[in-house]
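Colleague: I am new to reading protein structures, and I would like to learn how the terms are applied. Could we go through this one together?

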Amino acid sequence: QVQLVESGGGLVQPGGSLRLICAASGSIGSIGVMAWYRQAPGKQRELVAGIGTGGSTVYADPVKGRFTISRDNAKNTVYLQMNSLKPEDTAVYYCNAFIRDSAYDRVGRNYWGQGTQVTVSS
């Protein structure tokens, strides 16, 4: 029943900005770590940024200083603000979260969103 839905992707020029949004819905009992991953054509999926329940964050080196991850626990939502975008940032971006589904889980499990395309090109 739990689902993650991403939005905010699109086409931007190098140096531009986008904000990705991922909202969790369903019978959510609690949410732990939330993160953003990305996958470019022909490449493996990689971690972009993660954020813990207490607000601690981790960023991949290529995006450090340009991207900011944040979360709103009241809205069950995680965000990724992407600034100074580069062509190499082009990928499908996926939301990931560790969530306990109150309908059947006593402990949490990992969920993935459907992905949103980010294209950085002139």
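Predicted model: local features only at pLDDT ≥ 70, side-chain atom pairs only at ≥ 80, totals over all residues.

Colleague: Where is Glu6, and which residues does Glu6 touch?

Modeller: Glu6 is in strand 1. Leaving out residues up to four places away in sequence, Glu6 touches a list of residues, including Ile21, Cys22, Trp36, Tyr94 and Gln114.

Colleague: How do you know that Glu6 has no salt bridge?

Modeller: A salt bridge needs a side-chain nitrogen of Lys or Arg within 4 Å of a carboxyl oxygen of Asp or Glu. For Glu6, the nearest side chain of opposite charge is Arg45, and Arg45 is 7.5 Å away. That is beyond the limit, so Glu6 is buried without a salt bridge.

**The sheet**

Colleague: Which strands form the open sheet, and in what order?

Modeller: The order is 1-3-8-7, with antiparallel pairing. Strand 1 (3-7) and strand 7 (67-72) are the edge strands. From one strand to the next, the twist averages 15°.

Colleague: Why are strand 1 and strand 7 called edge strands?

Modeller: Each of the two pairs on one side only.

Colleague: How do you know that strand 3 and strand 8 pair?

Modeller: Two strands pair if there are at least two bridges between them. Strand 3 (residues 18-25) and strand 8 (residues 77-82) are joined by six bridges, so they qualify as a pair. Leu18 has Met82 as its bridge partner in strand 8, while Arg19 has Gln81.

Colleague: And how many bridges are there between strand 7 and strand 8?

Modeller: Six, again in the antiparallel sense. Phe67 has Met82 as its partner, and Ile69 stands opposite Leu80.

Colleague: Which residues make up the covered and uncovered faces of strand 7?

Modeller: Phe67, Ile69 and Arg71 are on the covered face, and Thr68, Ser70 and Asp72 are on the uncovered one. In a regular strand, side chains alternate between the two faces of the sheet.

Colleague: Why is strand 8 described as largely enclosed?

Modeller: Five of its six residues are buried, so the rest of the structure largely encloses strand 8.

**Positive phi**

Colleague: What makes the phi of Asn76 worth a mention?

Modeller: Most residues other than glycine have a negative phi. Asn76 is not a glycine, yet its phi is positive, about 55°. Asn76 is in the hairpin of strand 7 and strand 8, which has four residues between the strands. Ser84 also has a positive phi, near 50°, and is in the loop between strand 8 and strand 9 (91-101).

Colleague: Why are Asn76 and Ser84 called partly exposed?

Modeller: Buried means under 20% relative accessible area, and exposed means over 50%. Asn76, at 25%, falls in between, and so does Ser84, at 40%.

Colleague: Why does Arg38 count as buried?

Modeller: Its relative accessibility is 6%, which is under the 20% cut-off, so Arg38 counts as buried. Arg38 lies in strand 4 (residues 28-39), and its side chain makes a polar contact of 2.9 Å with that of Tyr93. Arg38 and Val92 are 54 residues apart along the chain, but their C-alpha atoms are separated by 5.4 Å.

Colleague: And is Ser27 buried or exposed?

Modeller: Ser27 is buried, because its relative accessible area of 16% is under 20%. Ser27 lies in the loop between strand 3 and strand 4.

Colleague: What joins the side chains of Ser27 and Asp101?

Modeller: A polar contact of 2.3 Å joins them. Among the other residues that Ser27 touches are Gln1, Val2 and Ala103.

How values were computed. Residues numbered from 1 in each chain as written. Heavy atoms only, no water. Axes fitted to C-alpha atoms, helices over the stretch in contact; angles between N-to-C directions. Buried < 20%, exposed > 50% of the residue type's maximum accessible area, 1.4 Å probe, protein only. Polar contact = N/O pair within 3.5 Å; in protein donor to acceptor, adjacent residues only side chain to side chain. Lys, Arg positive; Asp, Glu negative; His and termini not counted. Contact = heavy atoms within 4.5 Å.
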